[in-house]
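Subject: Structure handover

Hello,

Here is the structure I said I would pass on. My notes on what was found in it follow below.

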Amino acid sequence: MKFVIMRHGQAEYYAPSDAERPLTEQGKDEVLRTARMLHNRYSVANVLTSPYLRAKQTADHLASELNCPIRTVNELAPGSDAVALIHQFSGTETVVLVSHMPLVSKLTGLLCEGSANAGPSFRTGAAAVIDCETIGMGTGQLIDVIDS
């Protein structure tokens, strides 16, 4: 299974709540560049997204470019348990997980190094592609980084 772990595009700073912050024009451009690179390199089966607006908008742009379905997953929201999230997956397909810092960093660290503290920082619109022959802590290999 391949995981494409992606941070949402740049978002507006002000909104009625953090969950309602939309993407900026720059954020939309970041996401479209990343989506085009993913489209040229991988066959993606699904885009899973946080319920926050900026992540959902990111997922909409990705799914349109990649021609695949979107599913909202509450466990991709800020503050979620990365360990519990990883154990929900099985299969051989490629899935994109659209979320937020620090969760994207924690997921990458857990999959590749077995430690939530070992993950890299992600710029907005960036993605890490991780190949996992078996899904578990420290079983993944970082095979690509897309930083629009």
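I begin with the buried residues of helix α2, which are R54, A55, T58, A59, L62, A63 and L66. They sit on the same side of α2, because the arc they cover around the axis is only 165°. Please keep in mind throughout that this is a predicted model.

The helix itself runs over residues 53–66, 14 residues in total. From its first C-alpha to its last α2 reaches 20 Å, close to the 20 Å expected at 1.5 Å a residue. The buried residues of α2 pack against β1 (2–7), α1 (25–41), β2 (46–49), β3 (70–72) and β4 (94–99). After α2 comes N67, which has a positive phi, near 55°.

Next is strand β4, one of the elements that the buried residues of α2 pack against. Six of the six residues of β4 are buried, so the strand is largely enclosed by the rest of the structure. In a regular strand, side chains alternate between the two faces of the sheet. In β4, T94, V96 and V98 point one way, while V95, L97 and S99 point the other way.

β4 pairs with β1 in the parallel sense, over six bridges. Within β4, S99 is the residue opposite R7. β4 also runs parallel to β2, and four bridges join the two. Here V47 has V96 of β4 as its bridge partner.

β1 also takes part in an aromatic contact. The count of aromatic pairs comes to one. The pair is edge-to-face, because the rings of F3 and F89 have their planes at 85°, with their centres 5.2 Å apart. F3 belongs to strand β1 and F89 to the loop between α3 (82–86) and β4, so the pair ties together parts that are 86 residues apart in sequence.

Side chains of opposite charge can pair when their charged atoms come close. The structure holds five salt bridges, and three of them are described here.

- R54 and D18: the closest N and O atoms are 3.3 Å apart. This pair links distant parts of the chain, with R54 in helix α2 and D18 in the loop between β1 and α1, 36 residues apart. R54 counts as buried at 4% relative accessibility, whereas D18 is partly exposed at 37%. D18, R21 and R54 are linked in a network of salt bridges.
- R41 and D144: the closest N and O atoms are 2.9 Å apart. R41 is in helix α1 and D144 in strand β6 (residues 140–146), 103 residues apart, and the pair links these distant parts of the chain. R41 is partly exposed, with a relative accessible area of 42%, while D144 is buried at 15%.
- D147 and R123: the N to O distance is 3.2 Å. D147 is in the segment after β6 and R123 in the loop between α4 (103–113) and β5 (127–132), so the pair ties together parts that are 24 residues apart in sequence. D147 is partly exposed, with a relative accessible area of 39%, and R123 counts as exposed at 55%.

That is the end of my notes.

Regards

Methods:
Residues numbered from 1 in each chain as written. Predicted model: local features only at pLDDT ≥ 70, side-chain atom pairs only at ≥ 80, totals over all residues. Heavy atoms only, no water. Expected span 1.5 Å × (residues − 1). Buried < 20%, exposed > 50% of the residue type's maximum accessible area, 1.4 Å probe, protein only. Arc of directions from axis to C-beta. Contact = heavy atoms within 4.5 Å. Phe/Tyr/Trp six-rings, centres within 6.5 Å; stacked < 30°, edge-to-face > 60°. Pairing = 2+ DSSP bridges. Salt bridge = Lys/Arg side-chain N within 4 Å of Asp/Glu carboxyl O.
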